[in-house]
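Hello,

Here is the structure I promised to pass on to you. Please have a look at it first, and then read on for what turned up.

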Amino acid sequence: MFCLPESRGTYALLLELIPGTEITVGRLGTFLFPAGYYVYIGSAFGGGGLAARLARHHRRYKKLFWHIDYLLAHARIVDITTDASGKRLECAWARMMLGMPGVRIVARRLGASDCKCPSHLLFLGSTPCPYWDALNIMLEGCPVRDTGQGREWPNPSGTMGEQNNELDCR
Ligand SMILES: [Zn+2]
């Protein structure tokens with residue numbers, strides 16, 4: 001039985017937005033988000049760790065607080081991957097993904113208020129597979145990654161829901 005770690009760490013959400021839409025992201029501004037796939041990279045180093053943060057991302061009704069909350073009000077979470085090594089990897093992941101041809105930024109500084117990254121939200125276009133696979137392949141090489149199967153879903157009570165992996169890159 002696999003459980004999302006209560007330990008702290010870094011996570012990436014694979015999101016699908018259909019249709020494209022204009023969204024006001026708090027005080028950051030209003031952006032036109034094209035339809036397609038996005039990766040959001042965040043970290044959970046507070047109490048409750050990754051499990052609490054990811055459960056919060058799944059809740060539909062909540063006070064909008066983080067930049068990503070505004071997008072999640074419109075987008076669907078397709079997949080999740082995490083690293084619970086305790087290292088702060090979010091900026092490295094964001095830079096790695098930004099270096100891939102075809103990855104674009106549509107909302108500058110989203111999720112990146114406290115660092116120098118152009119954004120922690122990356123637009124992948126109409127197919128997520130080469131990018132999402134590349135991120136996961138990189139993580140498999142990390143010996144302290146203890147999630148491996150970040151494809152199961154937390155429900156708001158914090159226990160694991162049913163497997164809900166709709167992503168098929170084969
Ligand atoms: Zn950053």
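**What turned up**

Let me start with strand S1, which is mostly covered: seven of its nine residues are buried. Please keep in mind throughout that this is a predicted model.

**The overall layout**

The chain contains four helices and six strands. Reading from the N terminus, the order of elements is β-β-β-β-α-α-β-α-β-α. Of its 170 residues, 34% count as buried. If you look at contacts between residues at least 6 apart in sequence, 73% of them join residues at least 24 apart.

**The four-stranded sheet**

S1 belongs to an open sheet of four strands, in the order S5-S1-S4-S6, with antiparallel pairing. Strand S5 (76–83) and strand S6 (121–125) are the edge strands; each has a single partner strand, so one side of each is left without a neighbour in the sheet. On average, neighbouring strands here are turned by 20 degrees against each other, direction ignored.

Now for the pairing in detail. S1 covers residues 9–17 and is joined to S5 by seven bridges, the two strands running antiparallel. Within that pair, leucine 15 stands opposite isoleucine 77 of S5, and threonine 10 has aspartate 83 of S5 as its bridge partner. Towards S4, nine bridges hold the antiparallel pair together; there, leucine 14 has valine 39 as its bridge partner.

**A separate hairpin**

Strand S2 (residues 21–25) and strand S3 (residues 29–33) also pair in the antiparallel sense, over five bridges. Here glutamate 22 stands opposite leucine 32 in S3. Three residues lie between the strands of this hairpin, and glycine 26 takes a positive phi near 50 degrees.

**Helices across the sheet**

Which helices lie across the strands of the sheet? One is helix H3 (residues 90–98), which lies across S1, strand S4 (36–44) and S6 and runs at about 160 degrees to S4. Another is helix H4 (residues 129–140), which lies across S1, S4, S5 and S6 and runs at about 20 degrees to S5.

With 12 residues, H4 reaches 16 Å from its first C-alpha to its last, close to the 16 Å expected at 1.5 Å a residue. Its buried residues are Tyr131, Trp132 and Leu139. They cover an arc of only 95 degrees around the axis, which puts them on the same side of H4. On the other side of H4, you will find Asp133, Ile137 and Glu140 exposed. The buried residues of H4 are covered by elements that include S1, S4, S5, H3 and S6.

In soluble globular proteins, nonpolar side chains tend to be buried together. In this model, the largest nonpolar core has 35 residues, and those that touch the most other members are Leu13, Leu15, Tyr38, Val39 and Tyr40. At least two residues of this core come from each of S1, S4, helix H1 (49–58), helix H2 (67–72), H3, S6 and H4. S4 gives the largest share, six residues.

Which residues does leucine 13 touch, leaving aside those up to four places away in sequence? The answer is Val39, Tyr40, His57, Ile77 and Ile80.

Alanine 92 lies in helix H3. Is alanine 92 buried, exposed or partly exposed? It counts as partly exposed, because it has 14 C-beta neighbours inside 10 Å. Alanine 92 and isoleucine 41 are 51 residues apart along the chain, and their C-alpha atoms are separated by 9.8 Å.

Proline 101 sits in the loop between H3 and S6. With 6 C-beta neighbours inside 10 Å, proline 101 counts as exposed. From proline 101 to leucine 124 is 23 residues in sequence and 9.6 Å in space, C-alpha to C-alpha.

Happy to go through any of this with you.

Best wishes

Note on methods
Residues numbered from 1 in each chain as written. Predicted model: local features only at pLDDT ≥ 70, side-chain atom pairs only at ≥ 80, totals over all residues. Pairing = 2+ DSSP bridges. Axes fitted to C-alpha atoms, helices over the stretch in contact; angles between N-to-C directions. Contact = placed C-beta atoms within 7 Å. Core = buried A, V, L, I, M, F, W, Y, C linked by C-beta atoms within 7 Å. Buried ≥ 20, exposed ≤ 12 C-beta atoms within 10 Å, placed from the backbone. Expected span 1.5 Å × (residues − 1). Arc of directions from axis to C-beta.
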